[in-house]
Amino acid sequence: MTELLAMGGHGVYVWSAYAVSFAALVGLGIWPLVSLRATMRRLRQRGGDR
Amino acid sequence: MGWIKTTFHKSGSPRWFFAGSRPWVIGLYVFGALLIVAGSTWGLGFVPPERLQGNSVRILFIHAPAAHLAEAIYVAIAIAGFVFLVWRMKMADMLIQAAAPIGLVVTILALATGIIWGIPTWGTGWVWDARTVSTLLLAFLFFGLVALRQAIGRPDRASRAVALLALVGVVNIPIIKYSVEWFTTLHQPPSIEIGKKPAIAAVFLWPLAVNVVGFYCFVAGVVIAALRARIVDREAGAQWLRDWALKS
């Protein structure tokens, strides 16, 4: 396990590169869903007023 | 061949696209995520260290897919720019608007993982050579597409200017692609080229291939989801959308 984390001294580079990538991909995945939902909510409120 | 024409005409309709695209988003998200998890686990735990680069070679499995995807997103945007300028297709304009910030994030990811990889292998995170500078320029182009639209007040003029910039900027793509062949550079030449034998061993090729397909599928899902968000935003006044919002 320690060996997998350390990667012969390259662990810090490898793991940080993967961490940055997963954070970016998760962020990309969530962002349009949140934005769609927010606009829908606005539309529904406006529609309900009528 | 008729169905191609029909699909092209139908895809010009925001309503048609919005109604049918939700399963695609879910499917591409799930399929892409599964492949990325599988490819990354494979690349991190089940591949031997490379002879010269040691364990840092594992960064290849995310850096190369991100870099390749960034170029593909730009090409898609440039094609959409052409379609918008020629046929004035509203959906093409919305696609540019949806995909540009995504392309910016993916390009920054390619640059960031490249910098992280460069430190142990090149001895420096950044060199001012053709590959790095042309990729940096790609990031600026994506940023320019976002910023230009904000800067022009009238939406119809903004759309045309952005489409034109998207089309002109495509000259940068072959420069990125051939930058490691035309110029002296620290960057390694491509690992895989169409029609050529792969320049890397099969053990490294497989997790790379899985992650490339995974990145493409997942981010295709993100682009479709972002396009749906743009449609809702821009068609907010349309009756069909109001009905849909109240129904769901």
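This is a predicted model: local features need pLDDT of at least 70, side-chain atom pairs count only at pLDDT 80 or more; totals for chains, interfaces and linings use all residues.
**A guided look at chains A and B**

Visitor: Is B:Trp87 buried or exposed?

Guide: A residue counts as exposed when its relative accessible area is over 50%. For B:Trp87 the relative accessibility is 52%, and therefore the residue is classed as exposed.

Visitor: Which helix gives the most to the nonpolar patch?

Guide: The patch lies on the surface and consists of B:Phe8, B:Phe82, B:Val86 and B:Trp87, which together have about 420 Å² of accessible area. Three of its residues come from one helix of chain B, spanning residues 60-87.

Visitor: Why is chain A described as more spread out than a compact globule?

Guide: The secondary structure of chain A consists of two helices and zero strands. For 50 residues the globule rule gives 10 Å, and chain A is well over this value, so the chain is more spread out than a compact globule; its radius of gyration is 21 Å.

Visitor: What does the C-alpha trace of chain A span along its principal axes?

Guide: Chain A has 50 residues, of which 34% are buried. Along the principal axes, its C-alpha trace spans about 65 × 15 × 10 Å.

Visitor: What is the area buried between chain B and chain A?

Guide: The size of an interface is often expressed as the accessible area lost when the parts come together. Here 41 residues of chain B are in contact with 31 residues of chain A. B:Leu44, B:Asn55 and B:Ile116 supply 17% of the area that chain B buries against chain A, more than any other three residues. Carbon and sulfur atoms give 80% of the total buried area, which is about 3,000 Å².

Visitor: Which side chains meet in a salt bridge?

Guide: Between chain B and chain A the count is one salt bridge. Its N to O distance is 3.7 Å, and the two partners are A:Arg42 and B:Asp233.

Terms used. Residues are numbered from 1 along each chain as its sequence is written. Chains are lettered from A and ligands numbered from 1 in the order in which they are written. Side-chain values use heavy atoms; hydrogens and water are left out. Patches are made of residues with over 30% relative accessible area and no salt bridge: like charges are joined within 9 Å, nonpolar side chains (Val, Leu, Ile, Met, Phe, Trp, Tyr) within 5 Å. Accessible areas come from the Shrake-Rupley method with a 1.4 Å probe; for residues, only the protein chains shown count as cover. A salt bridge is a side-chain nitrogen of Lys or Arg within 4 Å of a carboxyl oxygen of Asp or Glu. Helices (H or I, at least four residues) and strands (E, at least two) are DSSP runs, numbered from the N terminus. Buried means under 20% relative accessible area, exposed over 50%, partly exposed in between (1.4 Å probe, protein chains only). The radius of gyration is taken over C-alpha atoms; the globule rule is 2.2 Å times the number of residues to the power 0.38. Contact means heavy atoms within 4.5 Å. Buried area is the accessible area (1.4 Å probe) that two parts lose on being put together, summed over both.
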